[in-house]
Amino acid sequence: MRMGFDLDDVVFISLPGIIDEGIRLGLIPDWVKPHHINGRVEDQWNISMEDMRRLLSVDFFERLSPNAEVVSDIRRWIDEGEDVFFITSRSEDFTPGIVASTAGCVDQCGLLRGARGIYHESSGKKWSLAKGLDIVSFVDDMPHVIRPMIDVIPHAYLLANEHNRETEDLQRWEWADVRNEIERLRRS
């Protein structure tokens, strides 16, 4: 089965790091916790693109911890012969050096070998890339990424996270439920 996964807040735990780095840089109030975030951090806290570039540096991404449960399941699926693609909106234009850094981070957590690739595509175009790759299931944490995938990708899952908790028009999936659905699809 051809399956796709976003990296940030799916494979890697990003939101707490974004908040910590934003607080450190003085871009986010020091009282903010993950449950205070609703949607895009830059929109909620009026952070400029220039400041977001400072926040989302290569060093920042290299410090992120992998989501051990997600990594374990994806590694198993790769080992069992599934076609796994990673589609991230991390871009060289926004963060110079991020393509090589991302490959290194994905390799370090054991997911690069056997994967079908890491694709860097804007959030608004992930649906088109996933369609072109004939991806059957895709997991992302951002509602604005999943919405255009409905009726285009057979199985698009919005991974439940603090910043999408108020999303009402899409089902939010806990990772255990995503895993169960993917297993069901693999058997069918």
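This briefing covers the pockets and the sheet of one predicted model. Local features need pLDDT of at least 70 and side-chain atom pairs count only at pLDDT 80 or more, while totals for chains, interfaces and linings use all residues. Residues are numbered from 1 along each chain as its sequence is written. A pocket is an open set of points on a 1 Å grid over the protein atoms alone, where a 1.4 Å probe fits, with protein on both sides within 12 Å along at least five of seven lines; lining residues have an atom within 4 Å of a point.

**Largest pocket**
- The volume, the space filled by probe spheres set on the points, is about 680 Å³.
- Its lining has 30 residues, with Arg-40, Glu-42, Leu-56, Ser-89 and Ser-123 nearest the centre.
- Helix 1 (15-24), helix 2 (41-44), helix 3 (49-55) and helix 4 (58-62) each give two or more residues to this lining; helices are DSSP runs (H or I, at least four residues) and strands are runs of E (at least two).

**Second largest pocket**
- This pocket has a volume of about 190 Å³.
- Of its 14 lining residues, Asp-9, Asn-67, Leu-159, Ala-160 and Asn-161 are the closest to the centre.
- Two or more lining residues come from each of strand 2 (12-13), helix 1 and helix 5 (68-79).

- An open sheet of 6 strands has the order 5-4-1-6-7-8 with parallel pairing, where two strands pair if DSSP finds at least two bridges between them.
- Strand 5 (118-120) and strand 8 (172-173) are the edge strands.
- Strand 7 (residues 155-159) is joined to strand 8 by 2 bridges, and Leu-158 has Arg-172 as its bridge partner in strand 8.

Key:
Heavy atoms only, no water.
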